[in-house]
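Here's a quick briefing to read alongside the structure. Have the viewer open and follow along.

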Amino acid sequence: MTRHHSPETPDTPGELGTPDAPGTLDVARELAGLVAAPAPFPAEVIERAKRHLLDTLGAALAGTTTPAPGLAAPGNAPIWGTGLTAAPRDGALLNGIAAHALELDDTGGCDHSGAVVVPAALACLSLADRPIPGTELLAAIVLGYEVARRVLEACGGYAAHNEAGWHSTGTCGTFGAAAASARLLGLDGARTADALGLAAGFSGGLWAFVHDGAPSKRLHAGRAAEGGLTAALLAASGTNGPRRVFDDVWGGFLRTYAGPDADPGALTRELGKEWRISRCSIKPYASCRSTHSSIDAIGSLDLHSGEIARIHVRLSPLVAGMCGGRDVSTLPHAQLSLPYAIAARVLYGDADLAAYSPQRRADPRAAELMNLIDLEADPEMGGIDEPTLTVTTTSGAVRRARVKHPLGSPANPLSDERLLTKFHGLAPSRERLAEHVMTLDTRSDARDLLPLLSGARQDVRA
């Protein structure tokens, strides 16, 4: 129903005009209470936090660029891999952009929680005037992932929210950055609730970039990191945030961003019993996560390009619309192209960063192979159901493959060895950083990470 009224005008009792209506504030307070005073985390959750922190830093160090003049205000927060520093909020922005720049950051959270939560959390370290134990930083990261993912689930989940045109990394990730920042800034439950309320006003991000390969997708991660940190800093300074952002009221986040798809119960259902970071994936490939199962599927068939007569891919309408393009003239376009991901795996044996170099994208063999790929959007498939590949060989044989759990997913995780190989490939000569992160739970002051992130990166792009 469309309403035309001023925000200052109350709706009927129980909506905007009654602050003590049943259920009011309960959700925000419960989430904020978890962030302000969490129970101890299981050891396996802390291990996951270290892995995702390391992976995010590797992706960011590979994706970093020197900021444009005037973009960053002076400050002491390192812009990773550049040797430069900036104001903490600008550091969160720029490091978030870098972390998502090459599509190598983790997924399955808000969606890309690492590129949002980690830059905001590490920016808080540069604000701290006391030692921050490594366990405290890891706890803040876990809580950031938790809140960001729960907000996405409350929006109806990844498929519903993204099908509506929202880029969930930008819309839901802001809450995760606010939660992690609030934890590290030492905010109590009431002020953390203010931070979450303020974060709602900084949410945003649209999938319009998918139509022309614009680089705005990576900007959403940086803006979400910056917005969440800003919300927490404002709350710390005494700024009150709207407390009914998760209520079904005019202007509420879920009514505005999710509408009929909203599931507000997801915000607190089984809270503190199953940690959402355990559902996240670490990406082995430099492309959209929705291409990964097809990369693994075509790899499992072990075919050379000369053996392939036709490839038929049955996939969901969501994935077809998001990853069905064949324009590989820009890196963002190519990383969202499922046909190119399949061709890269066949031609180059991998879909790593080197496979997305300008030279390989321009390889005429890739265009020829993409022309052999047919996509069929099946309306009976769920939004994030994995595709099925059917390959007809030049000999007339028909072979099929479908991978339900692609490499890097929670059910098929990267080994520690492969994780470290990925990191060192993206961040050469950062052995001390890797060792520090993987032993962070034993460190007395997480601020020691910051100097290890300074210094110019080595170019890893092919």
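Let's start in the strands: His312 has Asp374 of E4 as its bridge partner. Keep in mind that this is a predicted model.

- Strand E3 (residues 308-315) and E4 run parallel, joined by 5 bridges.
- They belong to an open sheet of 4 strands in the order E4-E3-E5-E6, and the pairing is mixed.
- From one strand to the next, the twist averages 20°.
- Helix H15 (residues 338-348) lies across E3, E4 and strand E5 (388-393), at about 135° to E3.

- H8 (residues 173-184) is largely enclosed by the rest of the structure, because 11 of its 12 residues are buried.
- Among those buried residues are Gly173, Phe175, Ser181 and Leu184.
- H8 reaches 17 Å from first C-alpha to last, close to the expected 16 Å, and Gly186 just after it takes a positive phi of about 75°.
- H10 (residues 216-236) has 21 residues and reaches 30 Å, close to the 30 Å expected.
- Just after H10 comes Gly238, with a positive phi of about 105°.

**The nonpolar core**
- The largest nonpolar core has 143 residues, and Leu53, Leu122 and Leu137 touch the most other members.
- Helix H5 (residues 134-154) gives this core its largest share, 13 residues.
- Leu122 has contacts that include Leu53, Trp80, Leu137 and Leu450.

Definitions and conventions. Residues are numbered from 1 along each chain as its sequence is written. This is a predicted model: local features need pLDDT of at least 70, side-chain atom pairs count only at pLDDT 80 or more; totals for chains, interfaces and linings use all residues. Side-chain values use heavy atoms; hydrogens and water are left out. Helices (H or I, at least four residues) and strands (E, at least two) are DSSP runs, numbered from the N terminus. The expected span of a helix is 1.5 Å times one less than its number of residues. Buried means under 20% relative accessible area, exposed over 50%, partly exposed in between (1.4 Å probe, protein chains only). A nonpolar core is a set of buried Ala, Val, Leu, Ile, Met, Phe, Trp, Tyr and Cys residues joined through side-chain atoms within 4.5 Å. Contact means heavy atoms within 4.5 Å. Two strands pair if DSSP finds at least two bridges between them. Axes are lines fitted to C-alpha atoms, for helices over the stretch in contact, and angles run from 0 to 180 degrees between N-to-C directions. Lists of a residue's contacts leave out its neighbours within four places in sequence.
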